[in-house]
Amino acid sequence: MRRSAILLLFAWSWPGCAEEGLRYRMQLWMRGEAQPLETRFRLQSTAGTRSHNKVQKPRMGGWRLEADRAQGTPYVQAMLLGRAERLLYLAGPAPQTRPEPILLRFGSRSLPVWSLEIPRGVHASTVLVEVTPRLLALCDFSARFEQGDVARVELHLEALDQTAHLCPAEAGTTLLSTLQSMAREAQQEAGGPVTVR
């Protein structure tokens, strides 16, 4: 069962809000178009569901994406959020991640930076930040595509709200499987094996 949800909220719920979450901006360029489709949204984590079993096994929660309807391209927020879900990371370190000796500043906070290995053949770059101890989140993602309707996509963390209660999402490593899918497509086009650089 899918544990994430996409919600579209009206603009008045966005400014000055003290809610928890990470605020992102996404831009997507369709091939042949000079101007990108764009949306801004907040990522929040949600609590894990409880079963009716006597023994309660630990369950990870999900995430919820809330779009700012006052900004961005009208009528495309749901489509963009659907794509954004496949490019996000909200989980602990994985074998493909590595800490870097630098910090990025967001307001009054300085966050440790982590790199993420990109499969060979994928024209993408990505940066993760440690938003709470041992919890990594996507900071920047940029990719371009040689074929298909989409020419380029960019996803950037613009600001942090309160993050004390953010927790890993069950689908928190979706970005890793998306990159592997992109690598398989690139391999099919090139006729070579999928490797990680």
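Predicted model: local features only at pLDDT ≥ 70, side-chain atom pairs only at ≥ 80, totals over all residues.

User: Is T163 buried or exposed?

Analyst: The general idea is a cut-off on relative accessible area: under 20% a residue counts as buried. T163 has a relative accessibility of 6%, and therefore counts as buried.

User: Which residues does T163 touch, apart from those up to four places away in sequence?

Analyst: T163 touches E20, G21, L22, R109, V131 and T132. With R109 there is also a polar contact: the two side chains are joined at 2.7 Å.

User: How should I read the overall fold before going further?

Analyst: One begins with the elements and their order. The chain has two helices and ten strands, and along the sequence they follow the pattern β-β-β-β-α-β-β-β-β-β-β-α. The chain has 197 residues, of which 44% count as buried. Among contacts with a separation of 6 or more, 61% are between residues 24 or more positions apart.

User: What are the pairing partners of strand β2, and how do I read them?

Analyst: For each pair of strands, one notes the direction and the number of bridges. Strand β2 (residues 22-30) runs antiparallel to strand β3 (residues 37-46), and seven bridges join them. With strand β10 (residues 150-160), β2 pairs in the antiparallel sense over nine bridges.

User: What should I note about the hairpin of β2 and β3?

Analyst: Six residues lie between the two strands of this hairpin, and G32 there takes a positive phi near 90°.

User: Which residues other than glycine have a positive phi?

Analyst: Y75 is one to note, with a positive phi of about 70° although it is not a glycine. Y75 is placed in the loop between β4 (62-68) and α1 (77-85), and its relative accessible area of 84% makes it exposed. R134 is another, with a positive phi near 65°. R134 is placed in the loop between β8 (124-132) and β9, and counts as exposed at 52% relative accessibility.

User: How do I read a residue within a strand, such as A143 in β9?

Analyst: In a regular strand the side chains alternate between the two faces of the sheet. For a single residue, one then reads its accessibility and its contacts. A143 is in strand β9 and counts as buried, at 2% relative accessibility. Leaving aside neighbours within four places in sequence, A143 is in contact with H123, A124, A151, R152, V153 and M182. A143 and S125 are 18 residues apart in sequence, and their C-alpha atoms are 6.5 Å apart in space.

User: How exposed is Q96, and where does it lie?

Analyst: Q96 lies in the loop between β5 (90-91) and β6 (97-106). With a relative accessible area of 27%, Q96 is partly exposed. Beyond its neighbours within four places in sequence, Q96 is in contact with S115, L116, E117 and L176. From Q96 to E117 the C-alpha distance is 5.4 Å, across 21 residues in sequence.

User: How do I read the largest pocket?

Analyst: The largest pocket has a volume of about 310 Å³. It is lined by 15 residues, and those closest to its centre are R83, R86, L87, F145 and T178. β2, β9 (135-144), β10 and α2 each supply at least two lining residues, and α2 gives the most, with four. By class, the lining divides into nine nonpolar, three polar and three charged residues.

User: What does the second largest pocket contain by way of space and lining residues?

Analyst: The second largest pocket holds about 270 Å³ of space. Twelve residues line the second largest pocket, with F145, E146, E185, A186 and E189 closest to its centre. Helix α2 gives the most to this lining, with five residues. By class, the lining of the second largest pocket has five nonpolar, three polar and four charged residues.

Technical notes
Residues numbered from 1 in each chain as written. Heavy atoms only, no water. Pairing = 2+ DSSP bridges. Buried < 20%, exposed > 50% of the residue type's maximum accessible area, 1.4 Å probe, protein only. Polar contact = N/O pair within 3.5 Å; in protein donor to acceptor, adjacent residues only side chain to side chain. Contact = heavy atoms within 4.5 Å. 1 Å grid on protein atoms, 1.4 Å probe; cavity = no way out; pocket = protein on both sides within 12 Å on 5 of 7 lines; lining within 4 Å. Points joined across faces, edges and corners; volume = space filled by probe spheres on them. Nonpolar A, V, L, I, M, F, W, Y, C, P; charged D, E, K, R; others polar.
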